[in-house]
Amino acid sequence: MKIMHVVGARPNFPKIAPIMSTMANRRDLFQQVLVHTGQHYDYDMSQVFFEHLNLPEPDEHLDVGSGSHAQQTAQIMARFEPVLHAHQPDWVVVVGDVNSTVACALVCAKLQIPVAHVEAGLRSGDRSMPEEINRIVTDQIAELLFVPSPDGEQNLRREGIDDRRIHLVGNVMIDTLVNMLPQAESRATLTELGLAARQYVLATIHRPSNVDHPPTLAEVLRGLETISRRAPVVFPVHPRTRYKIEQSGLAMNDARLRLIEPLGYLDFLAVMKDAKLVITDSGGIQEETTYLGIPCLTARPNTERPITVEIGTNELVDSRCDALVAAFLRRWEEPHNGRACPSLWDGRAAARIGTVMAGEASSVPPVGASENIPGRV
Ligand code: UD1
């Protein structure tokens with residue numbers, strides 16, 4: 001059975017890595033093709049992840065780059081279609097909620113090629129987030145929905161999705177974290193950055209809702225700057241955020257608020273696992289800190305990962321300076337909780353996905369999968 005995997009943006013890479021590695025162990029069943037849309041293209045945002053995660057070179061590179069949501073999504077769709085015609089996969093695997101995810105799923109739907117969506121069912125309830133639209137559309141289109149936590153199952157059922165399409169498999173990001181932790185532990189990243197374990201804050205902020213509106217961005221930066229008077233803050237800056245900081249003339253950098261370049265997977269993990277507290281607006285980092293038992297302040301009004309809040313590592317906070325500082329002061333003195341983990345966040349999610357897909361491999365190809373692709377036999 002030929003499986004085509006799609007990646008495009010930074011958070012996709014650690015999700016696809018364990019799935020490709022699991023399927024590589026079953027060469028009798030799976031032939032794999034990797035497509036990189038090029039949504040992220042900087043070395044720091046893409047290539048370094050291929051190196052750290054031992055991902056194979058993509059078989060196809062769509063080189064779409066940046067643009068408005070419509071431009072980016074349309075470019076991916078237009079460039080992905082001929083790749084499907086050329087490779088004629090039996091299944092396409094998409095992960096997460098970025099524009100590449102929904103764009104490729106849509107092209108498959110029109111060509112009647114079945115899609116498996118990994119990290120399905122997550123909902124923030126906030127349709128002003130581009131990712132929420134991407135999640136809803138992709139889940140409606142996908143044939144197989146691989147869900148990381150029980151809330152995802154409930155969301156999909158509420159949206160009328162047939163139970164037979166839904167598989168609760170756990171969290172593939174945690175598979176990668178579990179696999180990579182020993183390598184991250186042996187890195188000298190902390191020493192190189194002059195940080196001492198459990199004495200610093202790690203911050204990442206890149207959501208449009210936090211960085212695109214200069215007064216909001218100014219509040220966040222002022223919050224981080226105030227916090228840095230109490231504890232060093234290391235802030236690997238996403239290119240979108242760096243651009244917005246420069247555009248608004250807000251640049252601030254001192255010995256205690258350290259704005260650094262984005263980190264590769266292993267270096268970021270090395271810094272995250274020894275942080276005393278994390279401040280973020282990322283999705284995946286809410287989950288990784290939950291696994292690691294590190295308090296996380298999420299600068300957003302909602303989350304598509306409510307299980308991280310229920311477990312208690314994660315807390316939603318307003319992006320205003322005083323709210324960030326107050327939450328920091330409350331959580332800073334907390335002892336390290338040890339690991340607290342939702343069930344099935346155990347490093348075996350990709351293996352469960354492999355088992356379900358192997359079942360598909362032994363069944364007859366879905367009706368119609370071959371009809372719309374010229375030259376398909
Ligand atoms: C995308 C995802 C978001 C994810 C984030 C992780 C969507 C809708 N959003 O947001 O869910 O959390 O990736 O990083 O898909 N840029 C560069 N170099 C790059 C990539 C981007 O300089 O390699 C700059 C460009 O100015 C670009 C901007 O960052 O316009 C935003 O990039 P884009 O891919 O549109 O969205 P992200 O904010 O990265």
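How many residues surround the ligand, and which are the closest? The ligand is surrounded by 18 residues, and the closest are Gln39, His40, Asn99, Glu131 and Arg240; a residue is near a molecule if one of its heavy atoms lies within 4 Å of it. The structure is a predicted model, in which local features need pLDDT of at least 70 and side-chain atom pairs count only at pLDDT 80 or more, while totals for chains, interfaces and linings use all residues. Residues are numbered from 1 along each chain as its sequence is written, and side-chain values use heavy atoms, with hydrogens and water left out.

An N or O atom in the side chain of Gln39 is 2.8 Å from an oxygen atom of the ligand. From the backbone, a polar atom of Tyr41 is 2.9 Å from a ligand oxygen, and an N or O atom of Asn99 lies 2.8 Å from an oxygen atom of the ligand. On its own the ligand has 740 Å² of accessible area, of which the protein covers 86% (Shrake-Rupley method, 1.4 Å probe).

The chain is divided into domain 1 (2-170 + 348-372) and domain 2 (179-332), with bounds that come from an automatic or database domain assignment. The centres of the two domains, taken over C-alpha atoms, are separated by 27 Å. Contact (heavy atoms within 4.5 Å) is made between 22 residues of domain 1 and 20 residues of domain 2.

The largest nonpolar core has 60 residues. Such a core is a set of buried Ala, Val, Leu, Ile, Met, Phe, Trp, Tyr and Cys residues joined through side-chain atoms within 4.5 Å, where buried means under 20% relative accessible area with a 1.4 Å probe and protein chains only. Helix H12 (residues 265-273) gives the largest share of this core, 7 residues. At least three residues of the core come from each of domain 1 and domain 2. Phe146, Leu269, Val271 and Met357 have the most contacts inside the core. Beyond its neighbours within four places in sequence, Phe146 is in contact with residues including Ala116, Val118, His167, Ile353 and Met357.

Helices are DSSP runs of H or I with at least four residues, and strands are E runs of at least two, numbered from the N terminus. H12 is largely enclosed by the rest of the structure, because 9 of its 9 residues are buried. In helix H6 (residues 150-158), the buried residues are Asp151, Gly152, Glu153, Asn155 and Leu156. Their cover includes helix H5 (130-141), strand S6 (144-147), strand S7 (166-168) and helix H14 (306-311). Gly160, which follows H6, has a positive phi near 85 degrees.

Thr138 is located in helix H5 and is buried, with a relative accessible area of 0%. Leaving out residues up to four places away in sequence, Thr138 touches Val94, Thr101, Val102, Ala105 and His117. Ser124 lies in the loop between strand S5 (115-118) and H5 and counts as buried at 13% relative accessibility. The Ser124 side chain reaches the backbone nitrogen of Asp126 at 3.1 Å.

Arg10 is placed in the loop between strand S1 (2-7) and helix H1 (13-24). Arg10 and Gln47 are 37 residues apart along the chain, and their C-alpha atoms are separated by 9.5 Å.

Key. Buried means under 20% relative accessible area, exposed over 50%, partly exposed in between (1.4 Å probe, protein chains only). A polar contact is a pair of N or O atoms within 3.5 Å; within protein, one must be able to donate a hydrogen and the other to accept it, and residues adjacent in sequence count only if both atoms are side-chain atoms.
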